[in-house]
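The structure is shown below.

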Amino acid sequence: MGRAKGLFVLTVTLLAAGLIYFALGLLHARGWPAAWPLGGAATACFFLAACGGIAVVALFYFACDRLRAEVRRLSASNPGQIAVPETGFVFLGRAMGELIESAERSIADAAMRAQELEIQLRVATAERRHAEAIIYSISDAVVVTDRFDELVLANESAAQTFDFELAEAARRPIDEVLRDARMIELIRGMRQSEGGSGRRVVEHVVRNNSPDAAPRVYRATLSSVAGADGSPAGVVAVLHDMTREKEVAEMKNDFVSMVSHELRTPLASIKAYVEMLIDGEARDAKTEREFYDVIQNEANRLGRLIDNILNISRIESGLVRVNRQPQSLAVIVKDAMEVIAPQASQKQITMTEDLTPVFYQTSADRDMLYQAVLNLLSNAVKYTPVGGSIAVRISVDETQKKVVTRISDTGVGIPPKDLPFVFDKFFRAEANNRMASGTGLGLSLVKHIIESAHKGRVFVESHVGKGSCFGFELDLCE
C-alpha cells in the first residue's frame, strides 16, 4: 500500500504542476508582465499533456497495485485457489509473445506444407515426364484421350499413322485430329462401355490419304481408364503395325504351297517311271536307258530344288556364314563362263566377254557369288534360242566406287507385266514355261545372295522377242 500511496501523491502533484504551468502560460500569452517567462501557450499545452500522460500511467499502476493487493488478500484467505495475476505490462507482453509464437508456428506449418506440396509437385512432374518419355519412345502408335474425347497425349508414331501434327493436337477433340471414323468410333465406344474399365483388342486397317500408299493393318488394343468415382476417365489406345507380319504369314503359306507343288512334280515323274520299269514296260535297253535318264534328271531337279530352298532359307534367317574377302569379280565370272560353255555349245550359242582387269576387287564370298553368276548364265542359256548369243560385261565406276556385272542374251525376253516379279520365289513367266523347265528359285537365290548377303543391288531389263539383261552391282574394295 505504501507504493500505491506514493503513486497517488505523485499523480496529484504532476496534475497540479501541469495546471499551474498551463495557467501561467495563458497569462503570459495575454501580456501580463509578471507572468511565466519560459514559454507561451503552446509550451504550456505540451507540458500539461506530458504531465497528464505521466499521471495516467501512474493511475494505471495505482489501479494494478490495488487489484494485486486485493487478490493477495483473497489468496491469503483461500490459499491455493486464487492465482496472483501479473502486472498489466507484463501480462500484455506475455500475451503479445504468445500471439507472436502462435503466428510463427502457423507460418512454419504453412511453409512446411508448401514445401511438401512442392516436393509432391516435382515428383508428379518427374513421373509425368518419365511416362511421356516412355510413350514417345514406343514404336507402336499410342493415343490417350480424356472423358471429353479430347486428345491428352500421343506419340510420333501415332502422328505418322493418322497423319496429324503432334505439336498442334493436344487438347483437341479426336474427331478433329484423327480423321479416322472407325478409330474414333472404337475410342468413344470404349469410353461409353459399362463398368468404366476394360480392355478390347481389334484389327484395324488404316488407309493413308496418299493414293500410292498401301493400307496398313494394325492390332488396336483399347483400355478404358476409370476415375476415382468409378466413372470413365479416358481411353488408352495402342496400335501395333501387323502389316509385315501378315505379309510374312501369307508368304509362308504361299511358300509351303509352292514347295509342296514343286516337290510333287519331280517325285510324281520318278514314281511313274519306276513303276513302268517294275511293270516291265521297258522292253529293250534303249527304252530302259531313256527311263533311267528321266529318273536321273528328275532326281537332279529335286536335289537342286531342295538345295535352293535350303540356301534361301539360311540366307533369310541369317544362319549362313558369309565369308567375305577381297575377290576379283572378273576371275569369278570367267570360271562360271567356262563351266556353262558346254551347254552353250550344244545350242550353238556364242558367248562374248568384256571383263575388267583383275586388280579391281570387291568384298564377297566367292562360292556364293560364283553360284549367283552361274545361275544367271544358266538362265541366259535356257531362254536363248539355238544360234543366239550371250554377252558378259563388267564395268567399274570409280567415282561411285561400284562394280557392275551385266549378262545380256538374245532370248525370248520377259513380258513387262512379269518383270516386277522375276526375283520372287517360284515365279516363272507363263509365256516362257514351255521353253525350259525350272524351279523358279534360281533368280530368287541370286537376289538373296547379292542383296541380303552382300548388300548389293540386282536389276533386270528385257524386251519381248529381243532378249534380256540381268545384272548386279557391288561395292569396290577401298
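What share of the contacts with a separation of 6 or more comes from residues 24 or more positions apart? In this predicted model, such pairs account for 58% of those contacts in the protein.

## Overall composition

The protein contains 11 helices and 12 strands. Of its 478 residues, 32% are buried. The accessible surface is about 29,400 Å², and carbon and sulfur atoms contribute 56% of that area.

In soluble globular proteins, nonpolar side chains tend to be buried together. Here the largest nonpolar core holds 44 residues, and Leu369, Leu377, Ile450, Phe470 and Phe472 have the most contacts inside it. At least two residues of this core come from each of several elements, including the helices H8 (285-317), H9 (329-346), H10 (366-382) and H11 (442-453). Strands S9 (389-397), S10 (402-409), S11 (457-463) and S12 (467-475) also supply at least two each. A second, separate core has 25 residues, among them Ile184, Ile187, Met190 and Ala237.

Leaving aside residues up to four places away in sequence, Leu369 touches Leu329, Ile332, Ala364, Ile449, Ile450, Phe472 and Leu474.

## The H10 and H11 pair

Two packed helices are described by the angle between their axes and the distance between the axes. For H10 and H11, the axes come within 9 Å and cross at roughly 145°. Their crossing is left-handed.

On the H10 side, the contact involves Met368, Leu369, Gln371, Ala372, Asn375, Leu376 and Asn379. These residues meet Gly442, Leu443, Leu445, Val446, Ile449, Ile450 and Ala453 of H11. By class, this contact has 10 nonpolar residues, four polar residues and no charged residues.

Conventions
Residues are numbered from 1 along each chain as its sequence is written. This is a predicted model: local features need pLDDT of at least 70, side-chain atom pairs count only at pLDDT 80 or more; totals for chains, interfaces and linings use all residues. Side-chain values use heavy atoms; hydrogens and water are left out. Helices (H or I, at least four residues) and strands (E, at least two) are DSSP runs, numbered from the N terminus. Buried means under 20% relative accessible area, exposed over 50%, partly exposed in between (1.4 Å probe, protein chains only). Contact means heavy atoms within 4.5 Å. Accessible areas come from the Shrake-Rupley method with a 1.4 Å probe; for residues, only the protein chains shown count as cover. A nonpolar core is a set of buried Ala, Val, Leu, Ile, Met, Phe, Trp, Tyr and Cys residues joined through side-chain atoms within 4.5 Å. Axes are lines fitted to C-alpha atoms, for helices over the stretch in contact, and angles run from 0 to 180 degrees between N-to-C directions. A crossing is left-handed if the near helix is turned anticlockwise from the far one by less than a right angle, and right-handed if clockwise. Ala, Val, Leu, Ile, Met, Phe, Trp, Tyr, Cys and Pro count as nonpolar, Asp, Glu, Lys and Arg as charged, and the others, Gly among them, as polar.
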